Amino acid sequence: MTDNEKQTTTPNSEAKPPKKKKGGKSTLVTALVILAIIVILIGGGAGYFNYINNVPLPKIDSTVKITGLYDKVEVIRDANGIPHIYANNMHDLYLAQGYVQAQDRWWQMEMFRHICGGRIEELTGKKASLISSDIYLRTLGWYDVAEKEYAGYTPEQRAVLDAFAAGVNAYISKRSPQDLSVNYSILGLTGVKFNIEPWTPVDTLAFGKLMCYDLGYSGDEEIQRSKLYSALGQEMADKWQTPPWGYGDKPTVIHDADVKAMEKSTVSVVPASPSVDIAPASGQPISSIQAYDDPRPDLSWVMGPSAGIGSNNWVVSGNLTQSGKPLLANDPHLGIQMPSIWYEVGLHCPDDGTGQPFDVVGFAFGPSPGVIVGHNNNISWGVTNVYPDVHDHYQIRVNPDNPLQYEWNGTWRDMNVRNEAIDFGDGSAPITIKVRETHLGPIINDNKYDAKTSQFFGFNNKDPLALRWTALDPGTLLTAVQGIDTAGNWDEFRNALSNWDCPSQNFVYADKEGNIGYQMPSKVPIRVKGHSGLLPVPGWTDEYEWKGYIPFDLLPRAYNPERGYIITANQAVVPPSYYDFLKKHLDPNLNCNLGYEWNFGYRGQRIEQLVKALAPHSIETFQKIQGDTKVLSVGEIMPYLANVKFEDPELADAKNWLAHWDQNFNADSPQAALYANFWMKLVNNTVQGKLGDIIKSEGDDRDMWAIYQLLKNPDDSWWDDLLTKEIKETRDELLAKSFKEGYDATVTALGPDRSQWQWGALHTATFVSNPLGASGIGPLESLVNRGPFPAAGNTDAVNACRWSVDSGNFKISSIPSMRMIIDWSDLSRSITVNNTGQSGHPASEWYDSMIKPWLNIKYHPMLWTRDQVNSGAAHKLVLIP
């Protein structure tokens, strides 16, 4: 599929648009296909659907011979379909893991690898709405990076990936597409032909790049910021996009005392000529700021929205628990999808290769070996996203006489050019693009496609941008996962995390000895002083090149803090004193800031309140925290609304009624429904009208904090409606307008009787399976999707069932993707819940079996000991050589 070659001749810089086809044949064919599917599924076709739906269900009570196994493996599933795999050697363990995850999640794995490779339309057929996505993902070149990554692993590290891939292939190799997933059968009706390729270790590594994208670059706003500065000016734009973080009002992850402890335990680090510039302003030392169009396609249908999502984890020491032993909690927040991105599994082997038993339980990703989040015999860990700034956009100067050369320090350099063929599963003629790469990274705004006109544009020599991103360097993520799974103490855990290069995560830690800790890993770039990383910079000299990375031993950490707890919820990681610490170890003439775009701390603040208030802790108090629905932003906004006077007695009464609300977004709360409608109107009236089409205001933590800051100035220019040029609106006028509109919207949606209003009637969760669940064909979607379900929670509540203002409704877009509580007083008492179920097959009883428990903050045991697993056994699969 990919032809890597260096070209020094000049190709056509513009791709000619295809000739327009006469008539509406394509539309007619699509309509006929849809009609045929509906007839099959509804008009007497229930039996056919049941057949194709049930055929892919795997055998889970049998004995199966597998080539490549060294010894017998037992796979014991509990009543929830969760497998515990018992092998006599590590090779067989990972091979069996690949086999079992392919049994349950093959279509998810297949979909992910096609997304990673920019090959989505090989599964769906040619779709105008997806062409830009495939082009862009192919431009990023994740598979090229993954191949280099695999080549850089040691034979021992590759052996894990090889064994996992062998297990996947042992399951898929002798099965037809229809035997593997109902998705193949339905999509085949549209004319798509399938050729199922063997799974490779590179497929696994490429998936890691997708997670880096979802948890990092997809939410970067560098390009939009350039347009906002041009439209609004830097001062006004920064008030909304990068308001000063609330140091002193909101808790950071590590505290001043943790920084002092780091100072005592840190040996001198030889600087790689790095330095520190901690000023949080987004100013850029460039005489003029050029506005750019964002070339990134909308991939929210794949992983959910990127902006505003987050996660929670926290750990408390035995000093704050009823048992005297640590408790650890984690609930990562990711886009709502079907099935869940997580796969719960137990891995067991008597010898991990060092003479030590290997037992680890928790959550894996379908395309990957090992456990990402969970515990072993000695340690436990949980993750949340950090959002450090690990990507920059560089303005490229192309040689006007040769579009395959770019300027660098006064000379012309040759670009590397990749020829990429975009193929379509329905037999449509392939599209070939040329991807230009500089040493800084690929040019990401070439090969634009206009879905409305079907026009392709080749090289962009007007304002090309190259992407420098740590994920586009070969990494060692899977090495880190292997090390974490086998770590036996804090030092071994940190040593494993030194290989965790991307995506950066907040790791909390607890162990059997009673220790708790925190570590932030990742390759965080060192920039020149004055280069904030918040805007595109010149890429024709080395002036703005990265100067290395912050050494791992200087990245934030904490170990057994005196306060007895550590909380991370995507808020700012460090207090300002951390940068004073860095100055003592690194040259203070450059910029070693971790980033600026943190969550603004509402969830972290709320968790800290509850950790203090509910101590001493138990599993039950941790469950209560994970289910908490209070939104602290409401307490910041309501006093300003309370002071607004309404002449309309109905509005005045509604305002007073809302003012006495407890600020919890429970599913049955009537006040939550009113406040959410008011908030939507307030965000739109205050912010979105000024942002235009540049960027969408989603009503998340940034809007909460920015609007709170703006409320302190009743005459700020943000309150003024730009459409009424002769009138200058004020804060209170906009509050009154937004509350009236919000009240009217609530009455329209739920009726005039406030006692009948319920937040859950508006705020619903629908779990969508791609691509069939997003087909637009109602009967088909109902077969593979689940929902809508009324749901508690809200954006930036601890129970973060997030919705987005820009959607115009309250449908949930991201969720706590699983919940886990680990109890070191007795690991067999640990509990968890996934958000959908273990299986990716719609016909399986485990396709949606966890949705209701998840909605109601209920859990199941994380089975641990062999006796516990045997007692809970519902099915047994034996794999033999």
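The model is predicted: local features need pLDDT of at least 70, side-chain atom pairs count only at pLDDT 80 or more, and totals for chains, interfaces and linings use all residues. Residues are numbered from 1 along each chain as its sequence is written, and side-chain values use heavy atoms, with hydrogens and water left out.

**Exercise 1.** Determine how helices H15 and H16 are oriented to each other, and which residues make their contact.

Solution. Helices (H or I, at least four residues) and strands (E, at least two) are DSSP runs, numbered from the N terminus. H15 covers residues 477–486 and H16 covers residues 490–497; their axes come within 8 Å and cross at roughly 170°. Axes are lines fitted to C-alpha atoms, for helices over the stretch in contact, and angles run from 0 to 180 degrees between N-to-C directions. The crossing therefore makes H15 roughly antiparallel to H16 (under 35 degrees counts as roughly parallel, over 145 as roughly antiparallel, 65 to 115 as roughly perpendicular, the rest as oblique). The contact (heavy atoms within 4.5 Å) involves Ala480, Gly483, Ile484 and Thr486 of H15 with Glu492, Phe493, Ala496 and Leu497 of H16. By class, these residues are five nonpolar, two polar and one charged (Ala, Val, Leu, Ile, Met, Phe, Trp, Tyr, Cys and Pro count as nonpolar, Asp, Glu, Lys and Arg as charged, and the others, Gly among them, as polar).

**Exercise 2.** Classify the packing of helices H7 and H10.

Solution. H7 (residues 155–172) and H10 (residues 201–214) have axes 8 Å apart, at an angle of about 110°. The two helices are therefore roughly perpendicular to each other. On the H7 side the contact uses Leu161, Asp162, Phe164 and Ala165, and on the H10 side Pro201, Thr204 and Leu205. Five of these residues are nonpolar, one is polar and one is charged.

**Exercise 3.** Identify the strands that pair with S10, and describe its burial.

Solution. Two strands pair if DSSP finds at least two bridges between them. S9 (residues 373–376) is joined to S10 (residues 379–385) by two bridges, and the two strands run antiparallel. They form a hairpin with two residues between them, and His375 stands opposite Ser380. Seven bridges join S10 to S21 (residues 505–511), again antiparallel; here Ile379 has Asp511 as its bridge partner. Seven of the seven residues of S10 are buried. Ile379, Trp381, Val383 and Asn385 point one way, while Ser380, Gly382 and Thr384 point the other way.

**Exercise 4.** Is Phe581 buried or exposed, and which residues does it contact beyond its sequence neighbours?

Solution. Phe581 lies in helix H17 (residues 577–585). Its relative accessibility is 2%, so Phe581 counts as buried. Leaving aside neighbours within four places in sequence, Phe581 is in contact with Val259, Met262, Glu263, Thr266 and Leu554. Val259 is 322 residues away along the chain, yet the C-alpha atoms of Phe581 and Val259 are separated by 7.2 Å.

Methods. Buried < 20%, exposed > 50% of the residue type's maximum accessible area, 1.4 Å probe, protein only.
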